Every structure is written in structure tokens, then in C-alpha cells.
Amino acid sequence: MTAGGDPDAELLDRVFLARVVEPGDEVGGRWLREFGLGEVVRRLRDGAQPLPGVSGTRWGGLVARARRAEPERDLEVARCAGVRFVCPGDAEWPGQLDDLGDARPMGLWVRGRPSLRMWALRSVAVVGARACTEYGAHVAGTLASGLAELGWVVVSGGAYGIDGAAHRGALAAGGATVAVLACGVDRPYPRGHTALIHRIAEQGLVVGELPPGDHPTPSRFILRNRVIAALTRGTVVVEAACRSGSLVTARAAARLGRFTMGVPGPVTSGLSAGVHELLRGEAVLVTDAADVVELVGDMGELAPPRRGPVLPRDLLEQASRSVLAALPADRAAPADEIACGARTTLDDAIARLYELRALGYVERHGDGWKLTRQAVSSARSARGSC
């Protein structure tokens, strides 16, 4: 709220603007910055003195919408649906949304009990294609579940495909998730996700810029993505074609100085082509929740090192491994030949061979030494793990 103003009047004015001005309208944001909330509302209601930066036709359209706006009714409908309106400057307002500048929302309609500001402080966006593959859905669900188990809030757009898989993954882990909608939060969209969005509202938060009852449009989906990007510490794109809207979210995150991440997919899949393009540029490759947290988390939250399996022969001393490697795979060999191959003395080679026999790697064959079946299998496993 503006310092010294009437909180109730300012709330009504912002609810009024949320009905009149489209989400992400930077001209409207500039009006607020230059003229102040009260003056912008007064001129829109009066309609006589146009605000600068718009054509006469557009100004006429805004004035017509202003005449139909009923902020008191919007608030009452919201209250009946268990929805609150959070304004910039409120205790619950996430300050990182201010990074959007003139494109900052007029306010946000919030459905659910938790504090949006507190949840946004430790949140990650997981987004991607609506028509995703089984691979993409599996990765998104597993990634979201892992993030939830590590105490992170998963933010997505409530859509089919990757978004839905991410929300379900977080919910299945008993974690926190936020759905940012491109419509009124009292009117779940898509309809097929009605039950999911109701469940998110019960266990997490459903958020949107549009007033109760408003419907989505293609442009509103795109503009909604800037809120997802600004609200979170980073954005992970799981699957995306080259023209996917989720790439808009990732690029908005990059412009805002947030972390941009991508999960690689098959190079033959068109649904991973957009992610791969991101990875060639500003995005960082991630494969699981630990990779994501290493980027967006606090100092010291490092992903575990990636290693292949530890084989029994890896536990041998280097000198013993050298003697073992000097044995031919297809025949018995005398100790002096093995010593030569291992670049050691005969006495040392014999001592190592007896040690290796006790461990089951070699056996005596007359005057020679030969690899056991266990040693041959171990060598093949070592080659296969490279």
C-alpha cells in the first residue's frame, strides 16, 4: 500500500485496475509509477482526460471496461470462494515480483492457506510441454518429488503435461506446490485438471492475476509465465519444442537474473529440441533435484559426486592391480613373465600372486598362474562401466 493512504481504498483501486488493465501491461504500470494509483483510477473512471501512451481507440476500450468494473463485487465473490487479493506492499507480497518493473502485477488473487511470500522464498519453477512424452512426465514428477522432499516449493502453471506431472510429483511427496493460472483462480483451467487444482488449493496455493470468473486467452498464458519466472529462484524446463511457451518462462527467468535450467532428452525428439537450444545458450543442464538445488540453494547445498559402481578389484592396492593386469586372459603364465609385465621384481610378483589367490582372482596351474573366472568377469565389468 502507498504510505499514508487508506488501505481499504487502495485495495479497491487495485482490484479495479486488475479488472480494467490486462496482465503485464507496461503502459498501465508506467501510469502507476508516474501518476499514482488514485489519479490513474480517477481518470479511468472519469474517462475525460486520457492518460498518455495509448491510442484513442484503446483508451475508449479501457474506459468502457472501467465503467463495467465492480471491485466490491469481485472481492465478495473472491471471499465466498476462499480467495484473497494480495497487493504490492502487503506483508504477503513476494518482493521478487517487483523485479518485473512496470510489468509487475497490479496484485495477485491467492487461494490457499500458506503465505505466498514465505513459500516463494524457497521455490523452483518446473515447466514444459503440454503434449509431453512418458519420459518427460516421469522426469517432471520425479524431479518435483525430489525437490519437495528437499524442502523446496514447486511452482508451475497447472496445465496438462509437464505442469500437471510436476504438481502431482510434489503432492505425492507430501510437499508444497503453487499453481499460477492464466484465469480466475475460482475457475480452474484446464477443466480436466479441476480436481488437481482443487487439491493444490487444499495442500498448497493457487495464484493468478485475473479477477474471479475471468477466462484464459493465448496472450494471457504467455504473460502469466513472467510471474512464474519472477516468483521463483530458478526455472527448469523438462521438455519443450522450439516454439513452446515454457521457453518464454525460461527466457524471462534469464532476463530477471534467475537460474535457467534444462533437462536433456533424446536428440531425435522434437519435444526436447527447445530444451537443447536453451542448453546451448544460457541454461544449465540438470538431471535431478540435487542438481537443481546445487544451483538455486544456499552455499554448501552440493549435489553428490557422480561415480560408477565400485568393483572389488578397485579395492586392491595399485601394485596388486598391476600384477593382476599382467596375467594373460587365455592361458597360464610363469611368475617371471608376470613380473616383467607388471614391472616389478620376481619376489614381489610371487607375493602378490599368493595374495590374489587368497582373494580368488588367480589360481596355480603347474608352474604357472592363471586368472580365475571371477577375475575375468570382473575385468569385463570394469570395461563395461567406462
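Q: Buried means under 20% relative accessible area, exposed over 50%, and partly exposed in between (1.4 Å probe, protein chains only). Which residues are exposed on the other side of H5?
A: The model is predicted: local features need pLDDT of at least 70, side-chain atom pairs count only at pLDDT 80 or more, and totals for chains, interfaces and linings use all residues. Residues are numbered from 1 along each chain as its sequence is written, and side-chain values use heavy atoms, with hydrogens and water left out. Helices (H or I, at least four residues) and strands (E, at least two) are DSSP runs numbered from the N terminus. In helix H5 (residues 71–80), Pro71, Asp74, Leu75 and Ala78 are buried, whereas the exposed residues on the other side are Glu72 and Cys80.

Q: Within what arc do the buried residues of H5 fall, seen down its axis?
A: The buried residues in question are Pro71, Asp74, Leu75 and Ala78. The arc is taken over the directions from the helix axis to the C-beta atoms. Viewed down the axis, these residues line one face of H5, because they fall within an arc of 95°.

Q: Which helices and strands do the buried residues of H5 pack against?
A: Packing is judged by contact, meaning heavy atoms within 4.5 Å. On the helical side, the partners of the buried residues are helix H1 (7–20) and helix H3 (37–46). The strands they pack against are S1 (83–86) and S2 (108–111).

Q: How are H1 and H5 oriented to each other: roughly parallel or roughly perpendicular?
A: Axes are lines fitted to C-alpha atoms, for helices over the stretch in contact, and angles run from 0 to 180 degrees between N-to-C directions. Leu11, Leu12, Val15, Phe16 and Arg19 in H1 meet Pro71, Glu72, Asp74 and Leu75 in H5, and the helices pack at an angle of about 90° with their axes 8 Å apart. Angles under 35 degrees count as roughly parallel, over 145 as roughly antiparallel, 65 to 115 as roughly perpendicular and the rest as oblique. The two helices are therefore roughly perpendicular.

Q: What kind of pair do the rings of tryptophan 31 and tryptophan 59 form?
A: The structure holds 4 aromatic pairs. Rings of Phe, Tyr and Trp (its six-membered ring) pair if their centres lie within 6.5 Å; planes under 30 degrees apart count as stacked, over 60 as edge-to-face and the rest as tilted. For tryptophan 31 and tryptophan 59 the centres are 6.0 Å apart and the planes stand at 80°, so the pair is edge-to-face.

Q: How many residues apart in sequence are the parts that the pair of tryptophan 31 and tryptophan 59 ties together?
A: Tryptophan 31 and tryptophan 59 are both buried. Because tryptophan 31 lies in helix H2 (residues 26–35) and tryptophan 59 in helix H4 (residues 56–68), the parts tied together are separated in sequence by 28 residues.

Q: What is the angle between the ring planes of tyrosine 189 and phenylalanine 221?
A: Tyrosine 189 lies in the loop between strand S5 (177–181) and helix H9 (194–203), and phenylalanine 221 in helix H10 (residues 218–231), 32 residues apart. Tyrosine 189 counts as partly exposed, at 37% relative accessibility. The ring centres are 5.9 Å apart, and the pair is tilted because its planes are at 45°.

Q: Which arginine lies over the face of phenylalanine 221?
A: A charge sits over a ring if NZ of Lys or CZ of Arg is within 6 Å of the ring centre and within 35 degrees of the ring normal. Arginine 45 lies over the face of phenylalanine 16, at 4.2 Å from the ring centre. Over phenylalanine 221, at 5.1 Å from the ring centre, lies arginine 130.

Q: Is the peptide bond from tyrosine 189 to proline 190 cis or trans?
A: Most peptide bonds are trans. Proline 190 is placed in the loop between S5 and H9. With omega near 0°, the bond from tyrosine 189 to proline 190 is cis.

Q: What is the phi of arginine 343?
A: Arginine 343 is found in the loop between helix H15 (335–342) and helix H16 (346–358), and at 78% relative accessibility counts as exposed. Most residues other than glycine have a negative phi. Arginine 343 is not a glycine, yet its phi is positive, at about 55°.

Q: What is the relative accessibility of threonine 260?
A: Threonine 260 is found in strand S8. Leaving aside neighbours within four places in sequence, its contacts include Thr235, Ala250 and Val284. Threonine 260 counts as buried, because its relative accessibility is 5%.
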